[in-house]
Amino acid sequence: MATVTTTATPAEAGAGSFLRLLAVAIAILVVLALLPGLVDSYQTVLITYGLIMAIAALGFNLLLGYTGLLSFGHSAYFGTGAYTVAFIVRDLGAQSMELCIVGGLVGTLLVSALFGFICVRHTRIFFGILTLALSQVLWSLAFKFFWVTGGTDGIRVAYAKLTLLGGLVDFTGPGSFQRFVFAYYYYVLGLFALATVIMWIIVHSPFGKALQAIRDNETRAAFVGISVRRYRWIAFIISGVFTGLAGILWVPLNGLTTPDVLYWPFSGEIVFMSVLGGFRTFAGPIVGAIAFNYLKTYAVASTEYWQLLVGLVLVILVLALPSGIVGTASRLAARFGKVPS
Amino acid sequence: MTIFIIQVLNSLFYAAALFLIAAGLSLIYGVMRIVNLAHGTLYALGAYVSAWVVGGAVGHAMNGTLGLAGLLLLLPIGAIAIAAVGAAIEPTLLRPLYRRPEEYHLLITFGLLMIIEDAIKILFGGTPLSAGTIMDHMGSIPIGRLLYPMYNLIVVAIGLVAALGLWWFIYRTKFGVILRATSQDRRMAAALGINVGRVYVQAFAIGCFMAGLGGAVVVPAQAAVLGMGIDALVLAFVVVVIGGLGSLEGALVGALIVSLVRTAGIQFFAEIELAVLYLIATAVLLVRPTGLFGRA
């Protein structure tokens, strides 16, 4: 955890600082790769959850941090990924996790393309309400069509039935849960690293710069020839697919998918994560998601009134630390960095 | 035919409660440009406080000393309590944020939602609270061959009175003029000598009062349960989106549409009843983003 915050170098960087960023990123990856040997399996599961949510927040932040659109309905894409995997496993009897991922990604691609097409017609508060309303359509369908979705009982997805890497790794026989935790951690870590690299490339590409131009001044962006609505739509789809991937990876670890992941307070949690880490930075949502996961886990374990605790943290955060963990840390680093010179 | 009349009455009952919640939400947005995600939870808190007060009064009063009228007068205590909560929230938590982007407004009210949700659990416990005594005392009136609870009709009346009262308050009083002036141009209003800070506290407290009143009038008919606020908020959202954020007439028409669709939905297409509501809201947003009665 503490090591991850060191990625808070400003994103705008020259070639020299790019190498430094690369070195820091590789160091973090190595530390994360060594972790399961150092901590017990419960901690490994916690970090896996954290990494999964980090993918979701990373995708969400392409819209909030880089395009300037606050979605209050990202539970829809997380939930679509999760439910698609559950349908594939239950109804098609598929075992390969890769098949589930492909199917889930196609599912979220379709849903986010459709919802995005509708939502990008508006910005600001209307965009937020549209995304919220559409996510609630999915929630109410999952909630009411219980003969398809299991209603509030949800759908079980047993990890023991799944295989990783095209059947190379399976989880039958004794001690299978330990093996699953261990293998699945590396599986998620690999996909997390891949997702982070892809997102980094996206936000630093001309396309990503165009999104930031739209965020900062929509009129000027349109004036230099950016077709604002199409760029927003594409950003929406990418964002949804990333969040969908998180939902896909979340299901086998959780073992169950319920309408709760489609309900709007879950969207609020994704927003919370990004703000906790700091949505003005690239690494912010990653740090925020992992930190939120710990915060929620320990709050739930230590008190019945975990919502109160988490809500207080959010209120204090908004009032006192609006730039989040990473934003505040990099500001402090910049201040102390200047002192010697 | 009897069934039809009863369904119409039911939907009017829902509409009255929904209007109270949505009008508060709309008023707060209209004046302060804040979408209060904690609004539904404040409605739930109002329901709990009212149920608790009425339940306590029934338990402690000697038989017969506290008539029906006394109980009815106790109900608005919930609404007044919520107005007080609102008056405390605005200067402490919301005022520092007006200059920030609206993302922060949503976030802080989302944090408030979580806090109040658990505060309800701490204060009143996990078991549902009911003020059903009032409804039982009221008796029923016959409609055709069936009996209909008198209390529901009272709620419809309260909703109507609240709508008229709010309209009069906003369009016919001096405070209403100040309120509308502040909502149209905050800086100009301040330049004309209006104490904008005080108007904001009052507007937020009135909005919260409406939410609390909504909870208070519902609780004799439906027990207060955990999570009722989160459900109510999304419905209130649908109402204000259809009617237009910040519009009082819109809240009224939106509440009528939503409750009619809900009642029809429960009768004819129960599975997709909620989905239809959200889709209507989406369609309205697409065709007229400012809602049926909203201004740009």
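## Confidence

The model is predicted. Chain A has an average pLDDT of 83. In that chain, 94% of the residues score at least 70. Helix H10 (residues 228-254) of chain A has the highest confidence, at 91. Strand S3 (residues 169-170) of chain A has the lowest, at a mean of 74.

Residues 1-13 of chain A need care. Their pLDDT stays under 50. The model has 28 contacts beyond four places in sequence for this stretch. Where pLDDT is low, predicted coordinates should not be read in detail.

## Where chain B touches chain A

The contact involves 34 residues of chain B and 36 residues of chain A. On the chain B side, the elements that give two or more residues are helices H5 (102-124), H11 (228-243) and H13 (273-287) of chain B. H5(B) gives the most, with 16 residues.

What classes of residue make up the side of chain B that touches chain A? There are 25 nonpolar, 7 charged and 2 polar residues.

## A helix pair in chain A

Helix H12 (residues 284-302) and helix H13 (residues 306-320) of chain A cross at roughly 145 degrees. Their axes come within 8 Å. The crossing of H12(A) and H13(A) is right-handed.

H12(A) brings Leu295(A), Lys296(A), Ala299(A) and Val300(A) to the contact. These meet Trp306(A), Leu309(A), Val310(A) and Val313(A) in H13(A). By class, the contact of H12(A) with H13(A) has 7 nonpolar residues, 1 charged and no polar.

Key. Residues are numbered from 1 along each chain as its sequence is written. Chains are lettered from A and ligands numbered from 1 in the order in which they are written. This is a predicted model: local features need pLDDT of at least 70, side-chain atom pairs count only at pLDDT 80 or more; totals for chains, interfaces and linings use all residues. pLDDT is the predictor's confidence in each residue, from 0 to 100. Helices (H or I, at least four residues) and strands (E, at least two) are DSSP runs, numbered from the N terminus. Two residues are in contact if their C-beta atoms, placed from the backbone, lie within 7 Å. Ala, Val, Leu, Ile, Met, Phe, Trp, Tyr, Cys and Pro count as nonpolar, Asp, Glu, Lys and Arg as charged, and the others, Gly among them, as polar. Axes are lines fitted to C-alpha atoms, for helices over the stretch in contact, and angles run from 0 to 180 degrees between N-to-C directions. A crossing is left-handed if the near helix is turned anticlockwise from the far one by less than a right angle, and right-handed if clockwise.
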